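Here is a friendly briefing to read with the model open beside you. Please have a look at the chain before going through the points below.

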Amino acid sequence: MKKIKIFLNPIDQIPKWLNNLARKGYRLKSVNNFVYNFEKTNAKFKYFVEFIGHNPNSYNLDYINRLNNSGHKCFRVPLNQMNISYGKIKFRPLARNGAKISTSFDNYNKEFLIIEFTDNEKINSIISNNDIAVSYKQTRNAYIQGAIIIALLIAMFFYKTYTQNNNNWIILLGGILTILLVLMIFLVIKNHIMYNHYLKLVAK
């Protein structure tokens with residue numbers, strides 16, 4: 001069974017969706033951007049999503065290899081799920097050293113990692129509350145970077161509107177970008193709240 005699904009906030013929405021399907025007997029078989037392929041099974045599984053786009057590619061490959069060797073299937077999915085591209089490069093100033101330049105050949109469009117667990121396996125045996133806090137923090141940072149870029153584009157559109165006698169197309173595009181900015185700010189706040197929540201759990 002194949003399903004097409006796009007998520008605004010993958011770190012929260014993907015595991016809830018996958019775990020709901022897993023309870024109905026569907027196991028994730030493969031993922032290609034926003035196309036998810038499932039197989040029917042009697043076995044019980046559950047899923048967790050972690051942000052890894054801030055790590056160097058070599059670290060991520062080693063991490064995935066260790067998970068695979070311990071019996072966990074892993075799938076990589078993008079932050080921007082509508083972005084289907086190859087040969088792109090992106091600067092990520094908030095990422096760790098070694099991951100600030102991201103390309104289609106390493107971490108670009110592969111920011112999230114879906115990890116499969118057996119139903120009776122404890123997720124925190126592998127993923128700590130600190131790891132979860134870091135995932136939310138880095139997801140928040142990714143959205144902050146997107147919000148800054150959109151804000152700069154809005155400023156450019158407003159400047160063009162001022163200098164080009166209220167061009168209707170420029171006003172329309174500026175309005176669309178403003179809606180996107182509001183959405184991006186919402187995602188920043190939501191992930192920041194979750195980051196603080198797990199940070200408090202770490203402190204206990």
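Is Glu39 buried, partly exposed or exposed? With a relative accessible area of 29%, Glu39 is partly exposed; buried stands for under 20% relative accessible area, exposed for over 50%, and partly exposed for what lies in between, using a 1.4 Å probe and protein chains only.

This is a predicted model, in which local features need pLDDT of at least 70 and side-chain atom pairs count only at pLDDT 80 or more, while totals for chains, interfaces and linings use all residues. Residues are numbered from 1 along each chain as its sequence is written, and side-chain values use heavy atoms, with hydrogens and water left out.

**Overall build**

- The chain holds 4 helices and 8 strands, taken as DSSP runs numbered from the N terminus (helices are H or I with at least four residues, strands are E with at least two).
- Starting at the N terminus, the order of elements is β-α-β-β-β-α-β-β-β-β-α-α.
- Of the 204 residues in the chain, 45% are buried.
- Among contacts (heavy atoms within 4.5 Å) between residues at least 6 apart in sequence, 72% join residues at least 24 apart.
- The chain has an accessible surface of about 11700 Å², and carbon and sulfur atoms account for 60% of that surface; the areas come from the Shrake-Rupley method with a 1.4 Å probe, and for residues only the protein chains shown count as cover.

**Around Glu39**

- Glu39 sits in strand E3, which covers residues 35–40.
- Beyond its neighbours within four places in sequence, Glu39 is in contact with Gly25, Tyr26, Arg27 and Lys29.
- Met1 is 38 residues from Glu39 in sequence, yet their C-alpha atoms are 6.3 Å apart in space.

- Asn33 belongs to the loop between E2 and E3, and its relative accessible area of 14% makes it buried.
- Phi of Asn33 is near 60°, a positive value in a residue other than glycine.
- For background, most residues other than glycine have a negative phi.

**Salt bridges**

- The model has 2 salt bridges, each a side-chain nitrogen of Lys or Arg within 4 Å of a carboxyl oxygen of Asp or Glu.
- One of them pairs Arg27 with Glu116, with 2.8 Å between the closest N and O atoms. Arg27 is in strand E2 and Glu116 in strand E8 (residues 112–118), so this pair ties together parts 89 residues apart in sequence. Both Arg27 and Glu116 are buried.
- Asp62 and Arg66 form a salt bridge too, their closest N and O atoms being 3.1 Å apart. Both lie in helix H2 (residues 57–69), 4 residues apart, or about one turn of the helix.
- Asp62 is partly exposed at 39% relative accessibility, and Arg66 is partly exposed at 44%.

**Surface patches**

- Patches gather residues with over 30% relative accessible area and no salt bridge, joining like charges within 9 Å and nonpolar side chains (Val, Leu, Ile, Met, Phe, Trp, Tyr) within 5 Å.
- Lys3, Lys5, Arg23 and Lys24 form a positive patch; Lys and Arg count as positive and Asp and Glu as negative, with His and the chain ends not counted. The charge is placed at NZ of Lys, CZ of Arg, CG of Asp or CD of Glu.
- Lys24 is in the loop between helix H1 (10–23) and strand E2 (26–32).
- Trp169, Leu172, Leu173, Ile176 and Leu180 make a nonpolar patch of about 510 Å².
- Trp169 is part of helix H4 (residues 168–203) and counts as exposed, at 65% relative accessibility.
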